[in-house]
Each structure stands twice: as C-alpha cells, then as structure tokens.
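Trainee: I'd like to learn how to read a few features in a structure. Can you walk me through some?

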Amino acid sequence: MVATKGRPPVRENLPHSLVHRSLSLRRRFLPPHLQQRPLLNSLLQERLCRQLAATLRPSAYSIGSYNKVFACEWLNNDTVLLATKCNNLLRLNLLNSAVTRVPLLGMPGRSRVSPTCRLSLTTAACTPWRPTGRPPFWLLALLADGDLGVYELPDLRPYALLHGAHADWVFDAAWLDAATLVSVARDSSMAIWSLPEANFSTDVDPDGFAVTSPRYVRKVRDFQDQSARLRSVDIGKCGNLAVLSLNSFLQFYSIERLDTPVATIHLGSSESSFAKETVCVRASPEPHCFYSCCVDHVTLYDSRTGLASDSIESKDRLSGVRSLACNGPVVSYGTGIGNVYFYDVRSHRHLTRHLGLCKAALPGDQQQQARQHQLFRDHNYLHGSQPEYAIYSHKYDADCTRIFTAGGPLATTHWGNVAVLHS
C-alpha cells in the first residue's frame, strides 16, 4: 500500500510502478483518455516486458521427494500445477507452500503410475488461436503409457481419458481450440482428439470419466522417410502447426490439411549443434513464426517459407536450451544449468538481467541444506559430485508479471527437483 500526504492509500502493483518509474509520469495511474489509446498501451506493455526481469525476486519452494519437474502451469494467482518425471501431478499453493497430489487417470486394470514416465501439462487457456468455442476449462496431462488425461478446471475433476493413438511416451500436445487438441509421441505418431460432450456419448470408465478414441492418427516421416521421434508441437496465431522431432527436422502444417506438411526444415547434420537436443518449439507472437531450440541456439522460423529469420545464441553454450516462453517482444529461454535469459527480438540483444538458480532465493547456509534435501536419493551427490540444475519449464502468470520456474538435476543419474517463484 502506498500513502501520499493528503490522499488515501493507493494499492500499487508492478505494471503501474514500472510505468511511473520508467516513463516519469506525474500521475501514478494513466488517465482514462490515455487508456483508450491502443498504440500507447502497446508501447507501455512492451516497456514493461523489457523491464520485468529487473524487478523480479526469487522465492524457493520445497515440494518434497519428487524427481525433476518437467512441466508447470498456473491454475490461478495462488496455485501452480507441477508434473514430475516420477509420474506425479502436484498442486502447489504459493501462499502456504502446501503440496497436494492429484490422482492420475488410467485404463481399468492398468497401472496409473510408471517410474519412467515423463508427465507433462498443458491447458486450453494457453491456446493462441481460438476462432470459436466456449471458454477453455481444461487441463491436459500426458500419461505414462501413451494416454492423455483431461481434467476439468478449476477443481481438477477427471473428465476424459484419451486412449488408443500412441504406443510410446506422449511428449507434447497443443490445443487447437477449446475442445480439440493435437498430440505427438516418441513412436512418430501425431493424433487429433475431440473432447466428448458432457453426457459422455463414448465409453465411460467406472470412475466416472469418458474414454475417447482419436479422431485422426498419422505416422510422421522425416526428410529421409524414416520414422520420426516427435518431441514438441505448438499452434500458431494463424492456425498453423509446428512439429519438432528429435531426428533434427521441423515440419509445419495447416490444420485444415494434416496429411502433407506445408514446409519441412532440416535443422542440420548430426554433427551440427542446431540438430542436437531439439526439445522444444513454441509459437511466436508474430504470425506464422515459431521458435525452435537446440543445444546452444534459439532460432526463429517462418512457417510460410521454411527459412530462419533470426538466431539467438545461448549465453550458456553447450548446456542446452530446455524451455521457451514469449512475452510480447521478449523471448525467454531456460538452460541446462539453471538460468533463464531474456532476449529482445526488436533490438536483437539480450537484456542485462536474468533469472538464476533457486539457491539465490535462500540466505546463507540454508543453500547447502536445501541442496541436500532436494538431492535426497543421489548416490553421486553423496560422494561429492555437484549436479547442474536445468530449468525444464518456466511460465508467466496471467498478468505476465510473475514467472514460475521448475526443473531438476540435468544428469539422469541424479534425483531431485527445483521450484521457484520470481515475483
């Protein structure tokens, strides 16, 4: 709360304080006639995006004995959902640090927990292209045995199990609209799903959720006509689809025709750094453009031409880029050694401030205690090996004023987790 002489207290938040400080406005809040100017509001929003990193302060959370947080999503202003490598879906309360496990869906008679699963998350609220349909209220969890579980938000009630398209790990999925999604898996399959109606016209599990089959399944081949290990997928603002493979190629599709790609990009030979550790593709705020990451670069591609229009060299060379996020003209990327960097695509330069490891949020000797607690099952750590932390996921909140980062040790032989709120 901010109180001025002769005036009642005024609640000050981050966007208003940044505007007041950086633009030297006399009034703390924009007058109504300025708020109606889209160009001015756009300029102010861009200024806020560029200065956000300099205002954030980290707060670390202990989530217990879970291994590697591979995905995180904001449920609301006070709650974040986490998905771990050890196949657990967690609800983290940012106010009291309480952690609650969410039961996973599964087919009758089949195990719902796999110690080797890469559980991931996505919500329909993240879809940049929604021409029609009701407001999104769905959370998607990618499960152990090639199935996808859909939960109804905000109470996380099981709604549907999407079954029958994939025979291996489902690595990523994206919402085409509020009731349709696309998923990709390591067995080279790409599937389109439609959520059932509330009356469950399809099969119903005894637990009360629908079991749905895919609407369309396609085996994706790479540029050498070999099976592709699909790693990531995202939908652009204009309805175009990008699919990234571990086989070092990137394909673009029109959602009206998924049988033939619009363009296919060979990212490089096996010796090229652009073809190594291609784990994430994300839509750019610019129409028809997508960001793709590799071991030491983030590259912007145009889906219409298949050409690269910009390339960002990672400040942590050879550590790998593990996560991507866009906020206006600023693209941020998380690396394999625990940093999140911000790059201004308009001025083609990195911002001076970045987000570091979670230990920066802990004072003094608590850093060592936290590392020992989070690496509780680590044989190598007990013998003196210090693991590197990777940021596997980082997400802005709905107002784009806070960032939640999550991850864990980079090496597969290490067990642990990291969860940090930057606000």
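This is a predicted model: local features need pLDDT of at least 70, side-chain atom pairs count only at pLDDT 80 or more; totals for chains, interfaces and linings use all residues.

Trainee: What counts as a strand, and when do two of them pair?

Mentor: Strands (E, at least two residues) are DSSP runs, numbered from the N terminus. Two of them pair if DSSP finds at least two bridges between them. Here, β16 and β17 (residues 240-245) run antiparallel and are joined by five bridges. I235 sits opposite L241 of β17.

Trainee: Is β16 buried or exposed?

Mentor: Buried means under 20% relative accessible area, exposed over 50%, and partly exposed in between (1.4 Å probe, protein chains only). In β16 (residues 230-235), six of the six residues are buried, so the strand is largely enclosed by the rest of the structure.

Trainee: Which side chain does the side chain of N240 make a polar contact with?

Mentor: A polar contact is a pair of N or O atoms within 3.5 Å; within protein, one must be able to donate a hydrogen and the other to accept it, and residues adjacent in sequence count only if both atoms are side-chain atoms. For N240, the partner is the side chain of S303, at 2.7 Å. N240 belongs to β17 and counts as buried, because its relative accessibility is 9%.

How values were computed: Residues are numbered from 1 along each chain as its sequence is written. Side-chain values use heavy atoms; hydrogens and water are left out. Helices (H or I, at least four residues) and strands (E, at least two) are DSSP runs, numbered from the N terminus.
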